Amino acid sequence: MKTLKEVRVGETVRVQKLTGEGPVKRRIMDMGITKGVEIYVRKVAPLGDPVEVTVRGYELSLRKADAEMIVVE
């Protein structure tokens, strides 16, 4: 199982499932990150936080803690 936090810059992955509970999971889903959607990792800040990704045609920055909750393949 690989999380979005472990994906390298330039890779495109597909969301397998979301971990986490309650409002945190809901917030991630509201950003457009749902099961089956493709995510392209654009860049990662020097210290690894945040991660900038492209989802459904728009750019999004995610905290490292949020990226760990997204299981990808």
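Reply: Two strands count as paired if DSSP finds at least two bridges between them; helices (H or I, at least four residues) and strands (E, at least two) are DSSP runs, numbered from the N terminus. This is a predicted model, in which local features need pLDDT of at least 70, side-chain atom pairs count only at pLDDT 80 or more, and totals for chains, interfaces and linings use all residues. Residues are numbered from 1 along each chain as its sequence is written, and side-chain values use heavy atoms, with hydrogens and water left out.

Me: Which residue in β5 does Val-55 stand opposite?

Reply: Strand β4 (residues 51–55) pairs with strand β5 (residues 58–62) in the antiparallel sense, over five bridges. Two residues lie between the strands of this hairpin, and Arg-56 there has a positive phi near 50°. The residue opposite Val-55 is Tyr-58.

Me: How many residues has the largest nonpolar core?

Reply: A nonpolar core is a set of buried (under 20% relative accessible area, 1.4 Å probe, protein chains only) Ala, Val, Leu, Ile, Met, Phe, Trp, Tyr and Cys residues joined through side-chain atoms within 4.5 Å. Among the residues with the most contacts inside the largest core are Ile-39 and Val-53. The number of residues in this core is 19.

Me: What is the order of the elements from the N terminus on?

Reply: The secondary structure comprises two helices and six strands. From the N terminus, the order is β-β-α-β-β-β-α-β.

Me: What percentage of the 73 residues in the chain is buried?

Reply: The C-alpha trace spans about 30 × 25 × 20 Å along its principal axes. Of the 73 residues in the chain, the buried share is 34%.

Definitions and conventions: Buried < 20%, exposed > 50% of the residue type's maximum accessible area, 1.4 Å probe, protein only.
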